Structure formats: structure tokens, C-alpha cells
Amino acid sequence: MRFSEAWLREWVNPPVDTATLADQLSMAGLEVDALIPAAPAFTGVGIGLVQTVEPHPDAAKLRVCRVDLGQGEPLQIICGAPNVAAGQRVPVATLGAVLPGDLKIKRAKLRGIESHGMICSAAELGLAETSDGILPLPDDAPIGADFRAWLTLDDTCIELDLTPDRGDCLSLAGVAREVGVINRCPVCVPPIPAVPASRDDRFPAELLAPEACPRYTCRVIRAIDPSAETPLWLRERLRRSGLRAISPVVDVTNYVLLELGQPLHGFDLAKLAGGIQVRLAHPGERLALLNGDTIELNAGTLVIADTAKAVALAGIMGGAETAVGAETRDILFESAFFAPAHISGKARAHGLHTDASHRFERGVDPQLQVSALERATALLIAIAGGEPGPIVEAVAAAQVPARSQLALRRERIRRLLGLSLDDATLVDILTRLGMTLVPTADGWEVTAPSSRFDLVHEVDLIAEIGRIHGYTRIPASHASASSATKAPPETAFDLDRARLALVDRGYHEVISYSFVNPELQRRLDPEQTPLLLANPLSPEMSAMRTSLWPGLVQAARGNLARQQERLRLFESGLRFQQDPEGLRQEGMLAGLLLGKSLPEQWGAAARAADFFDLKADLEALLTLTGAAGDFRFVPSEHPALHPGQTARIERQGRAVGLMGMLHPALAAELDIDANAYLFELNLSGLREGTLPAFAPISRFPAIRRDLAILVDRDLPFQRVRDCVAAAASDLLRDLILFDVYEGERIPQGTKSFALGLILQATSQTLTDQEVDATIGRVLERLSVELGAKLRD
């Protein structure tokens, strides 16, 4: 919601400056998102009267104008605008003026004729992005006056970021009411008198879906002037509210939308047949919209139709076939109330979002329609003339939302807010908010205004009192009740510690949406069918993630596009997978590694990160469980990962995660031109850990023996480790793999592991015979179980 501060102060003018006003609105729950100048800075621009316009003798497109600025002799100004004409009042930048963009106006000579200023267009003054010619001013613009002061351009546009429950503040009237309550000052509501009908033209309206549209009003206005132009004051208010002026009919509907919060629509009466029907769409029915799209309507979609066809998407957008055009002389104004539940999500389902749908989804005052129609009628007749007929109203009274009636208790206010306010203050706050109060024994019976759909419980009224009184004025008090804390089990896996461990290893944490692109989801996790959202924020966020990888990959792509070539990313969050019992939510920890293994430096040679860098990071994480020995990395496969560089992470035989290199073909499709490695751990498999136990350090020396063995090339080292540990029993303190060799000096199909065995006893110094016996058992078991041979 954006509006002009000057416009607001015509309704309510509190004795505070702009910054204080913005702070008041934010503290009252209407967050001010931005304060924007109504116009860029410029000086030296006055209002002039074009007395004469003559062609330039040496330039066909230039004209020599004499402009009266009310300061003695008229100025001679060369102008190239096609729309300049004698008798116009125009903005004139005089010599020495400074326009937006730091453009300084100097005396100039164009094709031999001097020019002493510049007649300005709206674009040159920063009031429009583009202009076709100069900016003509109304006939009552005072000659010689400062243009900036006359048009009140030293104004501020206030932009609010409203929560969905405050649809009543999506209008200047709603914001003015809030400002008046906050500052306890009167609100000057402009009167909206009824416009009498000058002819008896009626266009019938019928409610065929009263639960979706319980009130529909319309009015015929004939013989409007199609050549009429929207006045500058109204165009300026629209511009400062972020809207573009189009034509008198459209501009009037937008103006009433901003002023009162009631969306309206204007139809070309000549293009309507029979009468208006507010009904649900027929299956397969199609409608061409004002934005150029043609959509197929669903059976539950509410439409405005005549007796032949659908002519508008109710509460969202009008149809192109019945739109008001440059030749339209007769119109039908529409003002209706649509139930929020029947409009919500319908615009998004068709990829639309309009000012009308934004308001109807949040709730429009169901008593506002006639007043808004009267206001629009008066404005249009003042601008373009016309002969209005009577207002036609179709209403299903039983379906119109009733005003909430709530009991409000003094004691309940005191208990919830922690302060006692006198009755006069309470009554003043609620009355200024548009509520009606009837005293009761312990408080009041309060009737909420029809515009406040958010007031449904007593606590809502109390929240309003606290909001207007000021939360900062509520005294702080500390709870006197004792609180009990429950420490987590000592063996529990600490996710926060795991996140810090990843940060220590150079990773950055990312937080991505749980809604992902279904196409990217399918590529990265094709074995799962994601849950699709009925009303997604966008097509790219329409599926619930079945893995954390889509968010990480998308973050990596964004970083790569910004020349960040070394990435370490991780995320913790929920994944959502469907099974026969319903939707299953699981806490996950996932990461991505890409680029060089180390930052650029002189102390180590550059090397691309590989599978084992990621494995080392995971082993460091799994160590935090206190049971690193329970985990195994088992060769596996996954459609999104490289078939030779994928491992399933198991804990005592149960899968708890997956890691591997992103498949090169998929990486190429995703514009990732470096090897990317991914992991994902199921946090439920890490929950239970093991407490560290004390073990004394042996006082006896350790002995190291090195072995080089030949094994099958496809044999994983983990099996060798397990076999050595079983054969050496409790004498083995550590097993070091210090070399792996594959080449011509060993038989084909084999590889060589160079092992360092650290042996140590806790009760004695090991003898050579004991060490030799242990090594013998190790070699024998390796030979029997794995077919390993001692390398020559």
C-alpha cells in the first residue's frame, strides 16, 4: 500500500513530522517499508503562459514560443514538442534552473535563434518515465508561481507493508482512521453525497452464487465524453501511489480503490448483452483478460457474466471483450462484495495478482459498495460528463457478513496487558477505531466495524487497545513462576556443534525454501514423488522438497554465476517424502563441496577437491556421535550421482545417509562446470551417541610394523581395516594406510596397500616373538578372508 503524505493530511493532520508519523504507523503494526520523495530535486521551474507559437525558420520540428512568466517581458524559448500550443499553461525551467540529473539550464542558440529557458515535459521533471511532449497544466494554474510549490512536490510517498489480517488499511481512509486514533485527532472524511439519476436506465443484476457474492451493485452512465482527460491533480495522486494514469474511467476506479479500498470495474455497456449474472464458471469456459491472456476457467471459479458469456474474472480482472475503449460513450460501473474464501488463491491459480484480488482476498468492507459507486459516479461526471441512471443492487442479506459482537471485560484487559486503563480511555480508543460499545456489568458489549474481519475474539479487541495505547508504554514485569529446564541426554547428537564443525572446516550455512522447482527436484531425486502445492508462490516453488540437495545446488549455481568458484555449503532442515501412511517429515543435514581443496595460497599446490575430501569432512562429523566406529561407507548407486563415486553411509548395517559426486551429465545440464560432491545425513540415525570413557595411557613402548599387501583392485580399504583389527585384537592401537599403488610393477587387476600397524600392550613391553606372532595372524587372516598376498 503506497500513498501520498499530503493526501493523507487532507484527511487527518496530526502535529508530527514525516519521520515521527512513519514511526507511529510502524509501532501500531502498519510497518512503513519506505519513505520515497514524491519527485526528484529540481529548482527554478515556474508556471508560464504560452502566448505565441511560430515555426522555426531553419528547423521544421522546432517552434519559437513566447512565454509569459508574469515577470515583465515574455521569454523567447525554442521548443521541439509537438503538442505545444498558444494559450497553454506549462512548466518552464528558466535560466539557472537545475533539473533532475543535475541538468543546468543555460542560454542557448538553436539554429541561430536564442532560447532563454526550456518548456518541460513530465519526464524531464522526473514525474514520468517517458513523455510524448510537454506537460500541459490546467487553466487555473497561477502564472509566475513556483511549479514545485504549486503541485506540492515536496511531498513524501509512504509505502506500507501490511500483514494479511489488515485489509482494512489497504486504503487512505483506513490509514487515516489509524493515524487519527494514534494521535487522538479528528479525521475529516470527505462527504459522499448521492448522485441523483438523470435518466431511468437500469441494467439488471442476478446473484446465482450468493455465498460467493452476496452483494452486487452497478450503475449505467451514458454519454460520457470519450475525449476527456484525467485532471492533473488526480493523475498526480495516482502516480504518487504507484499507479499509471490510463483513461478517465480506469483512473476513477483506481482512485476510489486507493481512497476507500473498494475495487470497481467499468464495462463498455454496448458490449454487454441482457443483464449481469454473478455465477460460477461453466467447465471448459474460456475468458480473454485485459492483460492479453486467455484462460480456461475451472468449475469453481466465480465470474461476472452477461446472458451470453463470461465478461470478467470476479474480484480479479476484467475481460478484454467488454473493456472500455477510446470510443466508449456508455459504461456500466460495477461495485461488489466477494467473499474472501471464494477469491483466495484463484488469482494465483491463473498466474495473476492484481490490486483488486489483493484486497478481496483479505476482505473488503461489505457495506462500502454503494458509497464507492456514488463516489466514482461523481468523479467521472465531473471529469467526462455523462448521464447516470439509478444504482441497481442485488443482495442476499443472509450471506452478507454480520458485524462481530464481542464481550470485553475490564479484568481480562488488565490480565493480558498488565496495566489498568480508565474507562474513558478504553472507550475513546475503541470508538475512534469505528466500534460501537454498550456498557455491561464487567465491561462492554462491542460491535466491530464491518471492515474488520480480523476481530473475532475478545483478545483481538485487547490487542487493539495495546497496539493503540503503545506497547512501549506497557510497564515491564517479570514472571514470578518457577521454570523447569530439561537438559538433553549427554549422548545426544548436538546439531549445533555439528554446524559449527562444518563452519570450522570452511563451510557456509545456507537456508533455502522448502518449496522447490519440481523439475530440479526430479533431476536430483527421481525415485521420489514430491507433494505438489495447490497454490504455489510461483511455478518454480511448487513442490515440497524430498531432499535438501535442490536448495544447495541452486545456491551453488547462483554463486558460480557470481565467480565464486570454491564452495563449501551446508543446510539443516526438513525433507518431505510420501509413503503409504502419508507425508513423512525427516530432519536432514546436507552439504555440497566444489572447487579447490584449499584456498589459493603459496604453501601448497593447487588441487581440486575430490570424493575423499568430502569423506574426511563426514568422518569428522560422525566423530561427534562418540561412536565413529559404528559407521561404514559402502559403495552404492544413485541416479543423480556418479556410479563409481557414490557411497551409502551405514550405522551398524542401517542406512543413515548418502554421499557422492554429482553425475557429470547432470552437472552439465545444470551449468556446473566443476566436479560437485554432495552428502545428506538423516539426523534420526545420529541421535544416539556414546559417552567418552577414560582409558589410561600405556606406560610401555609402542612398536610399528609396516606391511605391503596385494589385494583385488575393487576391494575397499574398510574390509582390510576390519580384518586387521579382528586379527590383531587388543594389541592394535592404530592402523595407518600410507600408500596405495596401482601400476605395471604389480599383477593386473590388483592394487597395493602399504599399512603401518602400531602395536602396544597395556601391561608389558611387547617382545619380538609376540609382535611376529601378531603379524603372522594378521597376514593369515588377510589371505584367507580377502585373498591378500604379501608384496615382494
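Helices (H or I, at least four residues) and strands (E, at least two) are taken here as DSSP runs, numbered from the N terminus. The model is predicted, with local features requiring pLDDT of at least 70 and side-chain atom pairs counted only at pLDDT 80 or more, while totals for chains, interfaces and linings use all residues. Residues are numbered from 1 along each chain as its sequence is written, and side-chain values use heavy atoms, with hydrogens and water left out.

**First stop: the largest pocket**

On a 1 Å grid over the protein atoms alone, a pocket is an open set of points where a 1.4 Å probe fits, with protein on both sides within 12 Å along at least five of seven lines; lining residues have an atom within 4 Å of a point. Volume is the space filled by probe spheres set on the points, which are joined across faces, edges and corners.

The largest pocket holds about 1200 Å³ of space. Select Ala 122, Ala 128, Thr 130, Arg 235 and Ala 245, the closest to its centre among 36 lining residues. Next, colour α5 (232-240) and α6 (248-260), each of which supplies at least two lining residues; α5 gives the most, with five.

**Second stop: the second largest pocket**

Here the space is about 1000 Å³. Centre the view on Phe 612, Lys 615, Phe 633, Phe 717 and Gln 718, which lie nearest the centre of this pocket, lined by 31 residues. Elements giving two or more residues to this lining include α17 (611-623), β32 (631-635) and α19 (717-728).
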